[in-house]
Amino acid sequence: MMNCELLATCSALGYLEGETYHKEPDCLESVKDLIRYLRHEDDSRDIRQQLGAAQILQNDLLPIITQHGQDKPLFDACIRLMVNLTQPALLCFGKIPDDPAFRHHFLQVVSYLQAYKEAFANEKVFTVLSETLYNLLQLDWEQRQEEDNLLIERILLLVRNVLHVPADPYEEKNVDDDASVHDKLLWAIHMSGMDDLLKFLASAQSEQQWSMHVLEVISLMFREQTPELLVRAGQVRSAQEKQKDSNELEALRQKELAEKHSRTMQRGTRHSRFRGSYVVQGLKSISEKDVIFHQGLHNFKNYSHDAGKATRRVPKRKQVAQDTKSQRRSVLNVRLFLREFCADFLDNCYNRLMYLVKESLIREHAQQHDETYYLWALSFFMAFNRGNGCKAELVSETLSVRTFHFIEKNITNYYEMMLTDKKEATSWSRRMHLALKAYQELLLTVNEMDRSKDENIRQSASVIKSNIFYLMEYREIFLTLLRKFDEKMQPRSFLQDLVESTHLFLRMLERFCKGRSNLLVQVRDSSIVNENNVIHSEGVHSLAGHLSNALTEGVVPFDAASEIPVAEQRTEAMIRIQDALFARTGPEALGLLRAAREVWPEGDVFGSAEVQPEEELELLKQILFAELPRPAHTEATMDEDEEVEELEEEELESVRVSETEFNFLDFIKRFANPSIIRPYLLLLRSYASNTPHTNHCIVRMLHRVAVDLKMDALLFQLSVFYLFNKVLTDPAAAVYKELVTFAKYILNRFFALATRNNKAFIELLFWKNVGAVREMTEGYRKEGTQLGGSQGGIWTPEEEEELRQLYEEHKDSGVPDIVETLLPLLMNTNRTRRQVVTQMVSMGLVDSVKDLKKEKKGTCIVLWTEDQEQELQMLFEEYKDSDDVLGNILKRLTAKRSRARVVDKILSLGLVSERRDLYKKRRRNAPGKSEKVGVSNGKKEVYQVMFYCVYSPSRGSHCLTGLSGPVLWLQNCLNRAADDREEDGVSHPMPLVPLTEENEDAMENKSFKRLLHKIGIRPPADEQESFWRIPATMSIYQLRTMASSLNPPEESEVGGEGESESGVAVNLEAEQQDEGSDGQELRAQAIRALLLSRQRKRSSADKKSDTCSFMEYSSLILEDPSVEEESPESEAQRLVVETCFHSFPNTEAKDSAAFLT
């Protein structure tokens, strides 16, 4: 039932009489009231549901804009209201609700949206919207007001919302070539001219701000279409297409006849009323007796023990992902209009629009997940272009290696988010499927270009292929996707596209390798070593063959005119030889060695004159691994260029790559893995519903593994044989000739092997890796030996006991990698990490290999949440004036990220304009001053020195007199925050709420505020915050350390508490005697620093008065370099002086002198 106020507001809009709508005088105010109601609706979206039930949009708003469009304020308000009413239900509720009540509200809103969509399928409505949009676009940007831009955006959003409404499967049960509601909407858009305006917005130079909106609307227009159907719309079918259709029909007919014949053969020629009961010998029932079968013999082959049992319910998390994409063939006139739209869009708009969208995505100016529209447009329009003549110049913007890299990066990102964001795994999987389709379409287009008659196009395709095949990430992306496929998250359509894309990529790579004898590609270096060990000892010996023939001529290791002593030049020559070895320039290193031997023959430092080549290589090896005294680089020499290099190094991947000659057969060997073969067999289970091309791709890959690699035993598995048996016994097996031939080949190979290996039938129960396949076909190894006769895998009982003892000693040591700790301690130093890990698992020391995996560096955090961005902005505002802005932010970030990611995010948020603003500030000190000011004591001691002036009775009247209670309250708050964080395991900002008048007065005290600043308490960030807060970035250890530092000194140090409260005057000498040794030592150091600075200044200036202001004392302590040299606690003194100076800046000189003496 509608709310009475809402009902009155709707009644005040007007009424519809026949085809004429009569608006009320308060119509505009009523529309604004409805907008206001929608702004304050509850979580069930009650206002939206009541307006949908009353059909306000169909009966009031649409007639208002069609008949009273000249009333501009009313028209704008109605457009605003309709944009709000038509926004997607998913956007209203955030996600599909799990609660049944809210799920009902969600479905109700969706039903109202479907009614709105049907009402918008009206040519008059879109004619009004098109005319309004046309008039606004006619205005130049100088004449266009802000309200005009808002109205343009709202019209585009309204069209987007209406197109986004999903079809109702229960109401729209139309067959192909029949008009649906979406087709009617598209036809209204076409007849009103809205499609031409969309093409203008996509191509106009001055309207590039609407690029993302236009791409979104276009993608929703083609939501149910396929580019192949649009290309063939209105064209006469070719003979090849007719032949293909007839073959499919003939295959279906043969399948039907074969099934009919099979059913006929199962029945006997004579009818029997007695069905019969049979005993199945050898097949046990639930008892010890044989099974009794109570049906006809022709039904026995379908017998199963599971017949009649209740089907077990599969948990939701284990259910197979379902395909949600629906495609249908629209009515012919709609397909013709869409075909014409695609052709015009490719000719005039595609390259420019895709460039603008790509730029906004790279610069992070678009909204989240907007890259999915870019990926869809890329795959759809490139597929249309490929079927419509394949003109490469029309899609040149997205036909580049940069596009391959962009898609590959998004695929990786989507996969990481699919693993981390489990609740939205299905959404991330759909985005990943879109990216894969775009990647597949790029490959198809390049493959089509390679068959072009134009030499320039073929050359361009060759350049793109050489770049793709050269880079490692493009070659291995399909291996990774196949290995990581999960049927619970990724649907069957994803696997089908993945298998077809892999088949295409391998076919292109195989054709590219033919005729090229030495194709170089990039590979990951398997030996990641230290910088000083780039060349291994084996590499030194490998130089022996050609070093003598390739010596560097004219190498001079000695400079007679140099002022550097001869001994140092000899060391430099040794370092030059080592650097040459690091750079893998062996001839230069050997040439330097021989030249240095002639210059410095004494002592045989560089070898004797009669040295042999083998001895020279051994000498080079010794120089390579020697610890030579290299000149140290001081910190002062690091300038901005070095900072740039440091940042660039951190942004690079920590994986070494090198070039090697590519072998196609070696690359195919990487597919001979059960984790990669298993997805192919999973897709083969649905061979009857697969397309012939998909079945061909599956069989071709299995053929590569079984025949080309001679790894047919990899398919000797019971589930595979069960699938082959299903294919061979299929009545329509003649349709799948290729699959049947391959199945027979594998079965023949197995039975031939079974005659030689009596364990082959047992091996059917297990999936096998390459090693197990080799054992199965060539013979099993003896117990305790490895393949190839190596004895390295044998563990003696003594070695096992040694490993057990070492593990027991070090398992609780807290080392990050216990295997790396145990390897150098073993008696047999030739053991590899894999051998040790395998033995530890077999001995039961650990549960699995996963417990001993190396910790991977880096982080999986990819996206920034809104809270993390706010935290980063707050940290930047807090430390933007410090010397090391980036260092302070990295230390205090809650979610740890790499330096490069933080820098990129700060730049994207606009907090700084360029990277150099984040470099650590280098202070240029005057000559004679110390480069670094160190604090000899720890942070806790500095806090104690700083808080000493809180309790020191010698200046209690000037600093924080009477604030012992608030300081104790602050200490309790810090301890309580530390306890809460330790108990909950979560850190949240904790406000300091003063509940007493004493604490409230302290929070207004400048000295107390300064104390809060010193210990890191954050002031209110804006007007919405009222209290100071303990930051979430402070660790439990920091909180407890600060709390303990707030403890006042003993009574013997600061005097009794009663004395300070009673106000009894204590003279300076008594206070000095009562204070502890720490305070006396601190003041003594301050006195020495002052005297030393005064003595130095007397030589260059007149004597000044012995009594000076406290400002002079503080400036001397803070600026004089001698204080830093003489006092190891200069930093602590500076904190004392700063705190007290801010506490009593107007103190007389005698009080200051009393404090320092």
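Hi everyone, a word on the ground rules before the tour. The model is predicted, so local features need pLDDT of at least 70, side-chain atom pairs count only at pLDDT 80 or more, and totals for chains, interfaces and linings use all residues. Residues are numbered from 1 along each chain as its sequence is written, and side-chain values use heavy atoms, with hydrogens and water left out.

Let's start with the charged pairs. How many salt bridges does a search of the whole structure find? The count is 30, where a salt bridge is a side-chain nitrogen of Lys or Arg within 4 Å of a carboxyl oxygen of Asp or Glu.

One of them joins Lys199 and Asp344, with the closest N and O atoms 3.3 Å apart. Lys199 sits in helix 11 (residues 194-203) and Asp344 in helix 15 (residues 332-348), so this pair ties together parts that are 145 residues apart in sequence. Helices here are DSSP runs of H or I with at least four residues, numbered from the N terminus. Is Lys199 buried or exposed? Lys199 counts as buried because its relative accessibility is 14%, while Asp344, at 25%, counts as partly exposed. The cut-offs are under 20% relative accessible area for buried, over 50% for exposed, and partly exposed in between, with a 1.4 Å probe and protein chains only.

Next, Arg833 and Glu820 form a salt bridge whose closest N and O atoms are 3.1 Å apart. Glu820 is partly exposed at 37% relative accessibility.

Glu448 and Arg451 pair up as well, their closest N and O atoms lying 3.0 Å apart. Here Glu448 is partly exposed at 28%, and Arg451 is exposed at 58%. There is also a network of salt bridges linking Glu41, Arg45 and Arg48.

Leu718, Ile762, Leu765 and Phe766 make a nonpolar patch of about 410 Å². Patch members have over 30% relative accessible area and no salt bridge; like charges are joined within 9 Å, and nonpolar side chains (Val, Leu, Ile, Met, Phe, Trp, Tyr) within 5 Å. Areas come from the Shrake-Rupley method with a 1.4 Å probe, and for residues only the protein chains shown count as cover. Leu718 belongs to helix 31 (residues 718-728) and is partly exposed at 45%.

Last stop: Lys920, in the loop between helix 40 (899-908) and helix 41 (939-951). Lys920 is partly exposed at 36%, and its C-alpha atom is 5.8 Å from that of Asp883, 37 residues away along the chain.

Thanks, everyone!

Terms used
Helix = DSSP H or I, 4+ residues; strand = E, 2+ residues; numbered from the N terminus.
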